[in-house]
Amino acid sequence: IKKKDILKISLACFLSSIPMLSLFFYKINILSVFYNIVFTPVFSLIIFPLGIITFFIPILDSTYYIITNCFDFIIAFLGRIKIFTFVLAKPNILMIIGYYLFLYLAIKKNIKYIVCFIILFIINLNMRYLIFNPRIIFLDVGQGDSILLIYPKGKTTLIDTGANDYASKTTLKYLNSLGISK
């Protein structure tokens, strides 16, 4: 496989996973295209085969443990690089269908559909700026409520995020689902 083909495959995997990542995790990292190029062969050619061999030859367990811990450390370190991470609003089903339709048209039919594809992506990225009516949202954070004020054109105010880690994580996930990162 040529290097150019590897990049195309990784990019295709990334582009096809964006709706699911935004639906369930509300975030994407552009660097994942390059992470896939590096880590997929490593896991396919080293980690996975060594795990199978370790199953039959248990003496290699400590070696397998050291290698997997090293990769776990590397992956955790790379996961902390937030510069290329974008928070996406949770897409509705029509947005997902439109995304895959434009992606299909861009790949199979004509390159000019990429413009539509990019516009759809930018709309999702900036979904909170398309809110024209103010909203007040109350969030249950355990021993109280958190109040989210959404003003027209994307301005937001969050009052009382909650005291415990569970509430903070729950509130953060909900904010991310709305496309709010800060």
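Modeller: Tyr26 counts as buried, at 14% relative accessibility; buried means under 20% relative accessible area, exposed over 50%, and partly exposed in between, with a 1.4 Å probe and protein chains only. This is a predicted model, in which local features need pLDDT of at least 70 and side-chain atom pairs count only at pLDDT 80 or more, while totals for chains, interfaces and linings use all residues. Residues are numbered from 1 along each chain as its sequence is written, and side-chain values use heavy atoms, with hydrogens and water left out.

Biologist: Where is Tyr26 found?
Modeller: Tyr26 lies in the loop between H1 and strand E1 (27–29). Helices (H or I, at least four residues) and strands (E, at least two) are DSSP runs, numbered from the N terminus.

Biologist: And what is the phi of Tyr26?
Modeller: The phi is near 65°, a positive value in a residue other than glycine. Most residues other than glycine have a negative phi.

Biologist: How many residues does H1 have?
Modeller: H1 has 22 residues, and its first and last C-alpha atoms are 31 Å apart, close to the 32 Å expected at 1.5 Å a residue. The expected span is 1.5 Å times one less than the number of residues.

Biologist: Where does the kink in H1 lie?
Modeller: The kink, of about 45°, is at Ser17, shortly before the proline Pro19. The bend at a residue is the angle between axes fitted to the seven residues ending there and the seven starting there.

Biologist: Which residues of H1 are buried?
Modeller: They are Ser10, Phe14, Leu15, Ile18, Pro19, Ser22 and Leu23. Ser10 has a relative accessibility of 5%.

Biologist: What does Ser10 touch?
Modeller: Not counting residues up to four places away in sequence, Ser10 touches Ser32, Val33, Asn36 and Ile37. Contact means heavy atoms within 4.5 Å.

Biologist: Changing topic, how many aromatic pairs does the structure hold?
Modeller: There are five. Rings of Phe, Tyr and Trp (its six-membered ring) pair if their centres lie within 6.5 Å; planes under 30 degrees apart count as stacked, over 60 as edge-to-face and the rest as tilted. One of the pairs is Phe39 with Phe43, which is tilted, at 6.4 Å centre to centre and 55° between the planes.

Biologist: Why are Phe39 and Phe43 separated by about one helical turn?
Modeller: Because they are four residues apart in helix H2 (residues 32–56). An α-helix has 3.6 residues a turn, so residues three or four places apart point the same way. Phe39 is buried at 14% relative accessibility, whereas Phe43 is partly exposed at 32%.

Biologist: What about Phe39 and Phe71?
Modeller: Those two form an edge-to-face pair, 6.2 Å centre to centre with 80° between the planes. This pair links distant parts of the chain, with Phe39 in helix H2 and Phe71 in helix H3 (residues 61–79), 32 residues apart. Ring pairs join Phe39, Phe43 and Phe71 into a cluster.

Biologist: Turning to the strands, how do E3 and E4 pair?
Modeller: Strand E3 (residues 135–140) and strand E4 (residues 145–150) are antiparallel, over six bridges. Two strands pair if DSSP finds at least two bridges between them. E3 and E4 form a hairpin with four residues between them, and Gly142 in the turn has a positive phi of about 100°.

Biologist: Which strand do four bridges join to E4?
Modeller: That is strand E5 (residues 156–159), which runs antiparallel to E4. Leu148 stands opposite Leu158 in E5.
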